[in-house]
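Visitor: I would like to learn how to read aromatic contacts and strand pairing in a model. Can we go through them step by step?

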Amino acid sequence: DDEDNATMVNSNHIYTSNNHSNSGPGQPSKLMIYDVIYISEKDFYAFSLSDHTINICKEHVSVSGKNISYFYYNKFYHSLLHVKLCYSKKYNLLCSVASDRNIYGWDIDKPSSRPLFIISRHSDIITDFISVDNLDCFVTCSMDKRIVMWSSISRRVKGIFTGHKRGVRCLSNYDVILLSAGYECEARTWDLSTKEPLGLLKGHRYPIVTAKLMCDLAYSEKDYRAITVDEKGEFRLWNIYIKERSSSSDHISLPTLQIFEMSHRESPLDNIRFLAIPYNKKYTAGYYSDIIACSTKLLRFLPEKNAKEFLPPSSSLFNEATATIYTAIGKTLLKYDVCYGNFICSFPDLNHSEISFLHLDGIRGRRIFVGCRNGDLLLVNCTSGAVMDKCIAHNKELTGIVNYTDDSNRNFIYTCSMDGRIRSIEEHNGILSIHNTIENAFGDEKGITSIKLITSLGLLIATSSSKAWGIWNEATF
């Protein structure tokens with residue numbers, strides 16, 4: 001289009017042949033690309049270069065598809081280098097991060113060298129920058145360990161998220177969920193609407209390099225997933241769905257569904273730096289997308305349709321007398337042999353509600369007390385899986401069970417729940433009956449998360465969801 005200024009793209013450099021260049025006539029000058037983004041609504045590419053410019057261009061492909069050319073739409077010059085770009089589709093606003101750690105705003109349709117605004121949001125290097133148009137805001141993260149949420153309209157700060165121990169490395173967003181990963185072995189999820197922490201993705205042995213949410217094809221919130229990769233090329237797939245959010249300010253640990261890596265690891269191929277979730281219809285399986293990983297090459301990972309997803313157990317216990325382990329998944333109780341690691345049998349659909357807690361009857365060791373999410377307490381035979389009796393102990397999730405036999409061989413079971421109650425239940429000849437109750441042990445709307453019994457002192461100790469704890473006399477309550 002312009003004989004005096006032709007541009008050729010190659011890898012991460014741009015070669016510019018300019019007759020007025022200091023390199024001399026016919027000698028290409030080499031420019032470094034700092035960041036590239038694609039503006040899908042306008043079919044534009046925006047990229048920042050080491051010559052202090054931000055360029056907006058459009059790609060043209062020939063009918064045969066063999067020839068590709070780029071035509072400039074707009075260009076911004078500035079005295080500083082701009083190393084990070086972000087675009088808001090809703091407000092047609094291009095933002096950039098300069099080497100002075102300030103954020104600049106540009107109108108891509110106006111050929112102006114002056115930015116629309118200049119703001120400062122961090123005290124250290126800004127490492128990632130995303131637009132959340134459904135909440136009318138931008139989110140930035142930095143080496144100062146902070147994540148800042150600020151308005152796309154007024155530019156005012158709407159929220160600051162702290163909790164990372166080191167600098168924050170990357171961000172990913174879906175709807176109101178934000179995923180952040182720092183220069184550490186943990187990633188975190190946040191609720192942008194309430195400004196509250198949600199989940200903790202903990203399990204990597206090396207610092208996480210990049211992380212992405214995989215939620216676009218999810219049928220419901222239960223299908224929300226995240227993918228992370230660390231510095232050694234280990235990928236982890238996470239279930240980020242949280243059924244009941246904690247009232248405390250702590251993150252809830254989230255389960256790893258799968259761990260995978262390259263079949264033939266070799267450096268530098270396993271040095272993954274970026275992830276992309278393309279949702280290619282040809283390669284997706286259900287709500288799982290294929291994954292593009294970028295190292296020295298582009299690597300594609302495909303989901304397997306016949307792979308069975310791992311479901312973490314809600315509770316488990318060890319029966320020393322029979323050398324067996326019982327685990328609860330959903331409404332089913334699974335039994336395993338400890339010596340050989342073999343699966344023995346399953347007891348499906350013990351109750352119409354999912355199992356939340358298991359406790360072995362300490363006297364005989366042949367029965368299990370099973371707590372359910374709807375507050376039911378079941379007495380189950382360990383051998384046959386038969387439900388011997390059922391008691392409606394609570395009206396919310398049962399979170400803890402302990403039992404004690406007094407000198408007259410009376411068997412008492414103590415239970416706690418998210419409904420805030422502690423109950424004493426007597427078991428006699430396989431029949432459960434409520435004996436005593438503590439209502440609102442820690443105050444209104446404060447659930448109880450665990451309970452312990454000190455038989456030598458005759459004391460019950462319980463902890464609440466608000467981090468309080470209390471002690472009661474087990475006989476008199």
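Visitor: Is Tyr414 buried or exposed?

Guide: This is a predicted model, so every value here is computed from predicted coordinates. Buried means under 20% relative accessible area. Tyr414 has 1%, so Tyr414 is buried.

Visitor: Which ring pairs with Tyr414, and how do the planes lie?

Guide: Look at the distance between centres, then the angle between planes. Tyr414 and Phe477 are 6.1 Å apart, centre to centre, with 40° between the planes. That pair is tilted. Tyr414 lies in strand β36 (residues 411–417), and Phe477 in the segment after β41 (469–473). The pair therefore ties together parts 63 residues apart in sequence.

Visitor: How many aromatic pairs does a search of the whole structure find?

Guide: The search finds 19. Take Tyr174 and Tyr224. Their ring centres are 5.6 Å apart and their planes meet at 75°, so this pair is edge-to-face. The cut-off behind that call is over 60 degrees. This pair, too, links distant parts of the chain, 50 residues apart. Tyr174 is in strand β15 (residues 168–174). Tyr224 is in the loop between β19 (208–214) and β20 (225–230).

Visitor: Which of these two counts as partly exposed, and which is buried?

Guide: Tyr174 is partly exposed, at 24% relative accessibility. Tyr224 is buried, at 12%.

Visitor: Which residues form one aromatic cluster?

Guide: Phe117, Phe129, Phe138 and Trp150.

Visitor: Where does a charged end sit over a ring?

Guide: Lys75 has its charged end over the ring of Tyr72, 4.7 Å from the centre. Lys232 lies over the face of Tyr206, at 5.5 Å from the ring centre.

Visitor: Now strands. What covers the two faces of β21?

Guide: Start with the general idea. Side chains in a regular strand alternate between the two faces of the sheet. Then check burial on each side. In β21, Phe235, Leu237 and Asn239 are on one side, with Arg236 and Trp238 on the other. All are buried, and both faces are covered.

Visitor: Which strands pair with β21, and in what sense?

Guide: β20 pairs with β21 in the antiparallel sense, over five bridges. Val229 stands opposite Phe235 there. Strand β23 (residues 256–260) also pairs with β21 in the antiparallel sense, over four bridges. In that pairing Trp238 stands opposite Thr256.

Visitor: What about the hairpin of β20 and β21?

Guide: Four residues lie between the strands. Gly233 takes a positive phi near 85°.

Conventions:
Residues are numbered from 1 along each chain as its sequence is written. This is a predicted model: local features need pLDDT of at least 70, side-chain atom pairs count only at pLDDT 80 or more; totals for chains, interfaces and linings use all residues. Side-chain values use heavy atoms; hydrogens and water are left out. Rings of Phe, Tyr and Trp (its six-membered ring) pair if their centres lie within 6.5 Å; planes under 30 degrees apart count as stacked, over 60 as edge-to-face and the rest as tilted. Buried means under 20% relative accessible area, exposed over 50%, partly exposed in between (1.4 Å probe, protein chains only). A charge sits over a ring if NZ of Lys or CZ of Arg is within 6 Å of the ring centre and within 35 degrees of the ring normal. Two strands pair if DSSP finds at least two bridges between them.
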